[in-house]
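Trainee: I'd like to learn how to read the packing in a model like this one. Can you walk me through it?

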Amino acid sequence: MSRIVQSVTAMGLAFALFASLPVSAASVAALAAMPIEQAATELSPNQFVWKDNGSSEPVSIVISLLEQRAFVYRGSAMIAATTISSGKDGKDTPIGTYPILQKNAVHKSSLYDDASMPFMQRLTWDGIAIHAGRNPGFPASHGCIRVPLGFAKQLFGVTALGTTVTVTDDFEGGMLPEPPVADQDTAVANLRQSVSLSQ
């Protein structure tokens, strides 16, 4: 085979490989180049952006049921955003402010047939958590907040027990909102459970 034919064949193969790459590969690069606040608005289901500045400021999380997005902040700076899938009708994700009560990287649901819930971070003792799972971009869960696997793994690495998660139905991204105050009964119950876990 001549060098010209080999070269053309190699170029054709390279083009075929490039053409077979998922379209989202280009959009991932485009998202990475955008300011994070802009990238957060451009996400498709199962996409996320993560631009952690590595500071020692505390992490907090805002879940927007309206936008089906999760936003992660260090101090007041947004460092990550992802699409989510929250609770479907009749299994609504409850709004409020919650501390992370429990973390388990390899968790199985005790309510739903041992369903896998990788990188689970519990928000309530009656079954609401953030975890990796199917993420179609619309409410489809039994009340949990499902996020892409890669995002769930990175989030798991930057949170701690007590990290604040605000679930709201009127947040549209951008600056960190003032968190609503958790009702007293919830706050007391969560504190008691946290203390019992640490003993």
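This is a predicted model: local features need pLDDT of at least 70, side-chain atom pairs count only at pLDDT 80 or more; totals for chains, interfaces and linings use all residues.

Trainee: Which residue lies over the face of Phe-156?

Mentor: That's Lys-103, at 4.4 Å from the ring centre.

Trainee: Let's go to the core. Which residues have the most contacts inside the largest nonpolar core?

Mentor: The general idea: in soluble globular proteins, nonpolar side chains tend to be buried together. Here the largest nonpolar core has 24 residues, and Ile-63, Val-72, Ile-130, Ile-145 and Val-165 have the most contacts inside it. At least two core residues come from each of strands E2 (59-64), E3 (69-74), E4 (77-83), E8 (129-132), E9 (145-147) and E10 (164-168), and from helix H4 (149-158). H4 gives the largest share, 4 residues. Apart from this core lies another, of 12 residues, including Ile-36, Leu-43, Val-49 and Tyr-73.

Trainee: What is Ile-130 in contact with, leaving aside its neighbours within four places in sequence?

Mentor: Ile-130 touches Ile-63, Phe-119, Met-120, Gln-121, Leu-123, Ile-145, Val-147, Leu-155 and Val-165.

Trainee: Back to the helix. Which residues in H4 are buried, and which exposed ones sit on the face turned away?

Mentor: An α-helix has 3.6 residues a turn, so residues three or four places apart point the same way. In H4 the buried ones are Phe-151, Ala-152, Leu-155 and Phe-156. These four lie on the same side of H4 because they cover an arc of only 135° around the axis. On the face turned away from that buried side you'll find the exposed residues Leu-149, Lys-153 and Gly-157.

Trainee: How many aromatic pairs does a search of the whole structure find?

Mentor: It finds 3. For reading the geometry, planes over 60 degrees apart count as edge-to-face. Trp-50 and Phe-151 form an edge-to-face pair, 5.4 Å centre to centre with 65° between the planes. This pair joins distant parts of the chain, with Trp-50 in strand E1 (residues 48-50) and Phe-151 in helix H4, 101 residues apart. Both Trp-50 and Phe-151 are buried. Phe-119 and Phe-156 also pair edge-to-face, at 5.6 Å centre to centre and 65° between the planes.

Terms used:
Residues are numbered from 1 along each chain as its sequence is written. Side-chain values use heavy atoms; hydrogens and water are left out. A nonpolar core is a set of buried Ala, Val, Leu, Ile, Met, Phe, Trp, Tyr and Cys residues joined through side-chain atoms within 4.5 Å. Buried means under 20% relative accessible area, exposed over 50%, partly exposed in between (1.4 Å probe, protein chains only). Contact means heavy atoms within 4.5 Å. The arc is that of the directions from the helix axis to the C-beta atoms. Rings of Phe, Tyr and Trp (its six-membered ring) pair if their centres lie within 6.5 Å; planes under 30 degrees apart count as stacked, over 60 as edge-to-face and the rest as tilted. A charge sits over a ring if NZ of Lys or CZ of Arg is within 6 Å of the ring centre and within 35 degrees of the ring normal.
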